[in-house]
Amino acid sequence: MSGSKSFYVTTPIYYVNDKPHIGHAYTSLACDVMARFKRLDGFDVKFLTGTDEHGQKVENSANAKGIAPQEFTDRVSQNFRDLAGFMNFTNDDFIRTTEERHKKSCQALWKKLLDNGDIYLGAYKGWYAVRDEAFYAEDETEKKPDGSRIAIASGAEVEWMEEPSYFFKLSAWGDKLLAFYEANPDFILPKSRKNEVISFVKGGLQDLSVSRTTFKWGIPVPGDDEHIMYVWLDALTNYITACGFPDTEQADYKKFWAADVHMVGKDILRFHAVYWPAFLMAAELELPKRVFAHGWWTNEGQKISKSTGNVIDPIELVNKYGLDQVRFFLMREVPFGNDGDFSRSALMGRMNSELANDLGNLCQRVLSMVNKNCGAIIPNPGAYSTEDDTMLASAYGLVADVRESIDVQSFHDALEKVWLVIRAANAYVDHQAPWKLKKEDPARMETVLYVLCETIRHIALVLQPFMPTSMDKMLDLLNVSQEMRQFEFAGAEHKLVTGTSLPAPEGVFPRFIDHDELDKSFEGKGYEGAFVITSCLRQNPKTKETIFEIELSTGESEELNSLDLEKALKKGVLTRVEA
Ligand code: MSP
């Protein structure tokens, strides 16, 4: 839908030296959730992603494969494009820095900086890390026992470089940057990261080397072909290239620049919150409204790295657990902005406790009752009780509540707000017990089920950006038309119409049973046979799974989580007997 309000969100453009992994999927997913939310909220959205294809690192990777850099980047860039499709990302553009439009844009920006007196020719002498494509001051590096030297912040090896270079007068922009941060307190989020940036700038900024002469894979400096542009100046410019720069009169530029959110990982915040705004100020262009730096994932407690071989492949994950399930988990598990640990048991825990038990079950039991007891049509509500009003008020408040969290990139809070309503709705079902009302007071049963259908409608509406396919299915089950899935149709004015016929209910989130794990955890452990649950011990705080104590036919006791128990039951390894 098109409106007068616009929203422009960007992912970093990804290096093509490697195949996409969970970190890339995570950054883009956060942007996709925002883009989808804003579209549903009536904004004209531009969501940009793409690939960062120049620089020494990419040249080295292409050489290592024995192919030309262009051929190499064509191949790897396609993997990122495919991942976006696979993850159901709704980017409106996919930019490659090897495109002509980008070369034109970078060279125009360069000329502007040069004309404004912010670029001069000198010579660079210092440390450079190819892996980070970043320069480091001596005190930002340390020597290792084997004689090599690394950047302390990233651990990347640095090498000494001496070459002629153009410099950008970054040192002249420190005070202006500090004044800008002060005047725009939400420019850098989260707050903790903002403080790191401010102290870096307060420490004094050095002029920045912005061209290289020792390799060729990049955009030539206009008027001096010996030099190619520093890959970060090249890469950052993508955000305005995609709006049509240097044609600042173009509709897209006028409509979408300055970006509302540049989403980045914490490792690349300095480039986005210091260098990029300085380049833009120097070029007299508008500054983006926000840079949000999210945290990093570890894998089952370990730092993710190619050398340890524990890189998480988003495709493998989605194939095993389901797309919406993975999207949900990544946005739900960790307060957005913090680092987080990825674990399969936590993923399965959330799938089973929050998706299958809380949300799936709510939908399934309500819609089955409507199907069986109300002739498969939206029921007819009578007068509302206080409990009904409370339930409906929390459902009707969801869009506004969730919007507040999305606007500060607090995705985990957004989901927590929805889950509060889901839990309240489950408690409401238990308390109202519509299955009992069927005989005692059928009119009241209809009211209760109507309130629940309205509640589910709102839950599904606000969850669309997170789990688009499943929520489409849920809204189909309520026979909500496509047009009425925009947020303007939330609230009582557009409530479900009594008498609307509904399709046969279907489960949206089945419980997940990991058969491979089941085999591993039970093989040879002597669990075979009947058992009795003797007590329900506690909940695992991380996975939210209940731990049961069971007594086996051998007379021994064992503790088992509900997931393993269920798996064992399904496979017939254990059989329950009445106590
Ligand atoms: N090419 C630069 C960005 C240029 S933007 C003008 C770059 N590319 S990258 O491919 O290395 O990284 C892209 C994003 O992936 C970063 O936001 C980074 O933080 C993110 N992640 C890489 N590994 C990650 C995790 N283990 N966890 C979460 N995100 C991580 O930097």
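Biologist: Which residues line the largest cavity?
Modeller: This is a predicted model. In it, the lining of the largest cavity is made up of Y14, H24, S28, T49, F80, L83, A84, F89 and F94.

Biologist: Which element gives the most to it?
Modeller: α3 does, with three residues. Both α1 and α3 (69-86) supply at least two residues each.

Biologist: How much space lies in the largest cavity?
Modeller: About 60 Å³. The search of the whole structure found three cavities of 30 Å³ or more.

Biologist: And the second largest cavity, how much space is in there?
Modeller: About 40 Å³. Its lining has 13 residues, and G55, F215, M229, Y230 and V231 lie nearest its centre. By class, that lining has seven nonpolar, four polar and two charged residues.

Biologist: Now the ligand. Which residues come nearest?
Modeller: I13, D52, G265, D267 and W297, out of 24 residues around the ligand.

Biologist: Where does the backbone of I13 or G265 lie relative to the ligand atoms?
Modeller: A backbone N or O atom of I13 is 2.8 Å from a ligand nitrogen. For G265, a backbone N or O atom is 2.8 Å from a ligand oxygen. Y15 also has a backbone N or O atom 3.2 Å from a ligand oxygen.

Biologist: How much of the ligand's accessible area does the protein cover?
Modeller: The protein covers 94% of the 660 Å² that the ligand has on its own.

Notes: Residues are numbered from 1 along each chain as its sequence is written. This is a predicted model: local features need pLDDT of at least 70, side-chain atom pairs count only at pLDDT 80 or more; totals for chains, interfaces and linings use all residues. Side-chain values use heavy atoms; hydrogens and water are left out. A residue is near a molecule or strand if one of its heavy atoms lies within 4 Å of it. A polar contact is a pair of N or O atoms within 3.5 Å; within protein, one must be able to donate a hydrogen and the other to accept it, and residues adjacent in sequence count only if both atoms are side-chain atoms. Accessible areas come from the Shrake-Rupley method with a 1.4 Å probe; for residues, only the protein chains shown count as cover. On a 1 Å grid over the protein atoms alone, a cavity is a set of points where a 1.4 Å probe fits but cannot get out, and a pocket is an open set with protein on both sides within 12 Å along at least five of seven lines; lining residues have an atom within 4 Å of a point. Grid points are joined across faces, edges and corners, and a volume is the space filled by probe spheres set on the points. Helices (H or I, at least four residues) and strands (E, at least two) are DSSP runs, numbered from the N terminus. Ala, Val, Leu, Ile, Met, Phe, Trp, Tyr, Cys and Pro count as nonpolar, Asp, Glu, Lys and Arg as charged, and the others, Gly among them, as polar.
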